Amino acid sequence: MITFRLPSLGADMDKGTLLEWLVRPGDAVKKGDVVAIVDTTKAAIDVECWHDGTVEELLVEPGAEIPVGTVMAVLREGGETPEQVRAQIDALRASPVQMAVPSAAATQRSAAPAAAAAGRVRVSPAARKRAGELGVGVESIAGTGPDGAVTLADVEAAAAKVAPASRAEAMRQTIAAAMARSKREIPHYYLAEDVPLAVATAYLAERNASRSVTERLLLAPLLVQAVARAVQRYPEFNGFFRDGAFVPGPGVHCGVAIALRGGGLVAPALHDVPSRDIDTLNRELLDLVQRARAGSLKASELSDPTITVTSLGDQGVRSVFPIIYPPQVAIVGFGRVTERAWIVDGAVGPAPVVTASLGADHRVSDGHRGALLLAAVRELLQRPAELAKATP
Amino acid sequence: MTRDELSTRVRGCLGRIAPEVDVGALQSGARLRDQVDLDSVDWLNFLVAVHADLGVDIPDVEAARLATLDQIVDYCGARLGTA
């Protein structure tokens, strides 16, 4: 039997509301299939299943708000009979602790939602529907109906107490919570370095001169790749700080900070960046930005980043003082590329320059290593043709 | 295609990239990126949309010179041999 749980949706999100199941009992599921759509304060997320199996039972109804770790469905593995799985589901139901393995962030809220997942909080269908419309979590409401059931009136009353948070407000609160945690827990240090980009921009201009718009390369993927290759040399910047210790990342998955139209931001991951050639990375980045803004990200993209890159782009400012996304331990920022007076071989001339900055966690690294990291970013960007090739 | 039709199509491409913008209200002679919040990814997606809708593939060097809606519409008109 395989239990399908609501996966982590990134450090700043500890719960989600099931919007829709994309599978039904009896459906065969392959590893990587998107099986459910879950709403978060930031966006609706496609949630993938990471096992092969057959859907035996869906345990959570659309509209339910559940913490990360909640068992959402049970899958049957090859060789198992439905009867065997049914017995295990019944055992699971008898033990609310098994139903929801709370993440650290969700510990305080886990008890009630665990019961909800098992169908123990009684909610009338009308109340559940209304709660979904109002964005109220039914498990947090004390029911006044028969057997403590949550009624429509209870939902209305709860919604009146909690100001109806619009998506924008909810997102702002989510960002605030993550950044407050970052500033509270992480002893940041900041470094910056000017990076000349004459070679890189000439490389892009030459590659793009003969290309159709559909194949055009942006500067951003080169910047992301430079950071990814640099943290391969200095791995203490790539990973997580968990339970009092640094845990290296399982690969280099670069979170990309993407501003959303209408405000707010998300930082989903580009996976295994060092192994990508520049055309692939460019395509993946364009796709990621488009999907982030359209609200169709995957859960794995939100939970995976091992380091984040933020680029304020060509409409932005000269430099950024980036704040780390916990539990990550570093973030690299790029400002706007500007033409500056630059000295080459003793002569002053105009050159495109970008300021790269690092926000890093003093519990894991110090300024000397941070300086080496930024120096590596600068050096890698002087050899764009090498950066463009995939590494094994 | 008349110039007005071309302008409507170009504005339509922009509207798909930036759905929050009232594309009909944009000033055609003012810098587009002063009126609409477009980053480099949006701008490239806009050019890709123009290519898909009108079949005009705007080279990198030309795209850097096109700042206003009028300039983009004129460029596309010239390439299509209309307007």
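Predicted model: local features only at pLDDT ≥ 70, side-chain atom pairs only at ≥ 80, totals over all residues.
Good morning, colleagues. I begin with one residue: A:Arg211 is buried, its relative accessible area being 19%. A residue counts as buried under 20%, so A:Arg211 falls within that class.

What does the side chain of A:Arg211 meet in a salt bridge? The partner is A:Asp279, with 2.9 Å from N to O. A:Arg211 sits in the loop between H7 and helix H8 (219–233) of chain A, whereas A:Asp279 belongs to helix H9, so this pair ties together parts that are 68 residues apart in sequence. For its part, A:Asp279 is partly exposed, at 27% relative accessibility.

Let me now step back to chain A as a whole. Its secondary structure comes to 12 helices and 20 strands. Of the 392 residues in chain A, 50% are buried. The accessible surface of the chain is about 17500 Å², and carbon and sulfur atoms account for 55% of this. If we take the contacts between residues at least 6 apart in sequence, 64% of them join residues at least 24 apart.

A:Thr3 lies in strand E1 (residues 2–5) and is partly exposed, at 26% relative accessibility. Beyond its neighbours within four places in sequence, A:Thr3 is in contact with A:Val71, A:Ala73 and A:Leu92. How far from A:Thr3 is A:Lys183 in space? The two residues are 180 residues apart in sequence, and their C-alpha atoms are 36 Å apart.

I return to salt bridges. Side chains of opposite charge can pair when their charged atoms come close. Over all chains, the count comes to 26 salt bridges. In one of them, A:Glu56 pairs with A:Arg86, the closest N and O atoms being 3.6 Å apart. Because A:Glu56 is in strand E6 (residues 53–58) and A:Arg86 is in helix H1 (residues 82–93), the pair ties together parts that are 30 residues apart in sequence. A:Glu56 is buried, at 13% relative accessibility, while A:Arg86 is partly exposed, at 32%.

Another salt bridge is formed by A:Arg233 and A:Glu379, with 3.1 Å between the closest N and O atoms. Here helix H8, which holds A:Arg233, is tied to helix H11 (residues 367–380), which holds A:Glu379, so the parts joined are 146 residues apart in sequence. Both partners are partly exposed: A:Arg233 has a relative accessible area of 38%, and A:Glu379 has 32%.

A further group brings in chain B. Salt bridges with shared partners join A:Arg261, A:Arg293, B:Glu20, B:Asp39 and B:Asp42 into one network. Within the interface, how many salt bridges does the rule find between chain A and chain B? There are 5. In one of these, A:Arg293 pairs with B:Asp42, the closest N and O atoms being 2.7 Å apart.

In it, 13 residues of chain A are in contact with 21 residues of chain B. The area buried between the two chains is about 1600 Å², and 51% of it comes from carbon and sulfur atoms. On the side of chain A, A:Val213, A:Arg216 and A:Arg261 lose the most area to chain B, together 40% of what that side buries. There are also 9 residue pairs in polar contact between the chains.

Leaving aside its neighbours within four places in sequence, A:Asn208 is in contact with A:Arg216, A:Leu217 and B:Asp60. Is A:Asn208 buried or exposed? A:Asn208 is buried, with a relative accessible area of 2%.

I close with the backbone. Most residues other than glycine have a negative phi, and most peptide bonds are trans. In contrast, phi is near 50° in A:Asp243, and also near 50° in A:Asp345. A:Asp243 lies in the loop between strands E10 and E11 and is exposed, at 83%. A:Asp345 lies in the loop between strands E19 and E20 and is exposed, at 80%. Finally, the peptide bond from A:Pro326 to A:Pro327 is cis, with omega near 5°; A:Pro327 is in the loop between strands E17 and E18. Thank you.

Definitions and conventions
Residues numbered from 1 in each chain as written. Chains lettered and ligands numbered in written order. Heavy atoms only, no water. Contact = heavy atoms within 4.5 Å. Buried area = accessible area lost by both parts, 1.4 Å probe. Salt bridge = Lys/Arg side-chain N within 4 Å of Asp/Glu carboxyl O. Polar contact = N/O pair within 3.5 Å; in protein donor to acceptor, adjacent residues only side chain to side chain. Helix = DSSP H or I, 4+ residues; strand = E, 2+ residues; numbered from the N terminus. Buried < 20%, exposed > 50% of the residue type's maximum accessible area, 1.4 Å probe, protein only. Areas by Shrake-Rupley, 256 points an atom, 1.4 Å probe, with all protein chains shown as cover.
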